[in-house]
Amino acid sequence: MGTESDKKHYESEYEQSIQKCLRCSICKWIPQIQIKSQKYASICPAIDEFNFHSYSGGGKIILACSLYFGRMELSQDIADIVFKCTECGGCATACKYLNNLEPLEVIQELREKLCQAGIGPMDKQKIYGEITVEKFNPYNEEHSKRLDWIPDDIKLTKGATTVYYVGCTSSYRRQEIAIATARVLTKAGVEFDILEEERCCGSPVYRTGQIDKFEPLMDYNLDLFKKKGVKKVIMSCAGCYSTFKAEYARHRKYDFELLHSTELFAQLISDGKLKLTKNVPMEVTYHDPCHLGRCSEPYEEWHGKTVQPMPTVYMDIPPKPIRRGTNGVYEPPREVLHNIPGLTLKEMERIKEYSYCCGAGGGCKAQFPEFALNTAKRRLDEAESTGATVLASACPFCETNLKDAIEASNSKMKFYDISELILMAMEEK
Ligand code: SF4
Ligand code: SF4
């Protein structure tokens with residue numbers, strides 16, 4: 001990906017990261033200062049599930065180190081460990097408290113190397129990768145049916161420079177989110193269009209190391225927006241959002257404004273264009289999607305140099321900006337919830353950049369459904385511990401997995417996307 005010099009740069013970052021790891025295991029935990037109870041102190045779903053060091057961010061760095069120095073070779077056993085990870089980025093956020101490494105980058109690099117060697121991705125991920133290339137969505141649905149969910153009351157403005165990019169999961173599986181989002185936009189008087197030509201953002205293939213399948217999707221979507229003169233893109237899927245915000249921006253420049261729907265809704269409320277007047281007497285807890293929170297932080301360009309004053313000691317001059325999860329989207333969804341009359345927000349212990357993953361990401365829902373479900377059950381347990389009766393979030397993928405956990409646990413909790421809660425609070429027009 002990118003130029004030869006980009007490749008060298010990434011290779012040298014990879015080498016530095018694997019040598020600088022202190023093997024301290026801090027990446028298994030919420031930073032100490034943030035821990036509120038032993039029960040909810042973990043940040044790594046892979047460690048909670050498989051309970052063996054190699055599955056942690058630092059453990060995967062040790063694998064990468066052994067591979068780099070030729071002590072091991074890429075194998076199916078290594079792939080099994082590297083792909084049993086939701087790519088939630090919790091390890092990267094935790095590591096900043098001691099060593100400031102980027103274990104998530106190393107995990108992604110390992111996945112790409114496994115794919116390039118023909119050992120990865122795992123079988124289900126490979127199948128949906130091939131389907132995505134053929135059908136432009138990972139669900140094996142016909143592209144011609146992508147907009148079938150749009151009800152009559154949604155007002156689209158052909159040629160509008162604001163576009164709602166719906167994404168595959170809301171187009172085919174979680175249509176209630178697409179409908180609620182488009183309805184709120186319509187009722188708030190936003191002039192927007194939905195492009196029937198939109199294709200998968202590429203997140204499912206990117207996160208499983210299938211870069212050769214990711215790049216054409218990215219190029220297609222960015223070229224499409226350019227051709228249509230799009231100035232603003234709204235997304236209701238956290239996965240699509242972080243893919244555009246972080247990965248697209250890392251690989252290719254684009255000049256449209258990108259907003260998650262919760263960011264736009266918070267703006268509309270503050271501008272008085274979205275009026276929430278109806279009482280919604282619910283006690284709600286909010287799950288921060290990893291890809292709306294810590295993983296949506298953009299990459300910052302760095303043009304310094306790395307010096308090596310002694311073996312294994314590296315210094316970046318000036319210090320290199322590292323994605324630490326601090327600048328994710330945390331306040332807009334909360335601002336929306338605080339503005340819904342009658343609604344009480346009851347926070348979980350692990351929130352914002354220290355949130356605990358729902359378990360669906362990184363290709364795990366397709367490949368390791370038991371791991372994904374167990375992780376969602378752990379998150380659900382934390383949600384229930386708040387005393388809230390409603391679990392809200394802002395991502396169709398989180399919704400699917402958390403709803404599966406609610407059903408599998410016979411929980412009484414209800415799940416709503418934030419867009420659905422907004423609709424409940426709006427007067428009929
Ligand atoms: S990745 Fe960071 S937190 Fe994890 S073991 Fe290495 S230095 Fe410690
Ligand atoms: S990305 Fe998440 S699941 Fe994977 S090693 Fe890091 S904390 Fe664990």
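Tutor: Helices (H or I, at least four residues) and strands (E, at least two) are DSSP runs, numbered from the N terminus. This is a predicted model, where local features need pLDDT of at least 70, side-chain atom pairs count only at pLDDT 80 or more, and totals for chains, interfaces and linings use all residues. Residues are numbered from 1 along each chain, chains are lettered from A and ligands numbered from 1 as written, and side-chain values use heavy atoms, without hydrogens and water.

Student: OK, where is Glu87?

Tutor: Glu87 sits in the loop between α4 (76-83) and α5 (90-95).

Student: And is Glu87 buried or exposed?

Tutor: Glu87 has a relative accessible area of 3%, so it counts as buried (under 20%; exposed is over 50%, partly exposed in between, with a 1.4 Å probe and protein chains only).

Student: What does Glu87 touch?

Tutor: Leaving out residues up to four places away in sequence, its contacts include Leu104, Arg111, Arg207 and His291. Contact means heavy atoms within 4.5 Å.

Student: New topic. How many residues surround ligand 2?

Tutor: 16 residues do, and the closest are Cys44, Cys85, Cys88, Gly89 and Cys91. To be near, a residue needs a heavy atom within 4 Å of the ligand.

Student: Which helices supply that shell?

Tutor: α2 (45-50), α3 (57-68) and α5 each give at least two residues.

Student: What about Met315, where is that?

Tutor: Met315 is in strand β6. At 42% relative accessibility, Met315 is partly exposed.
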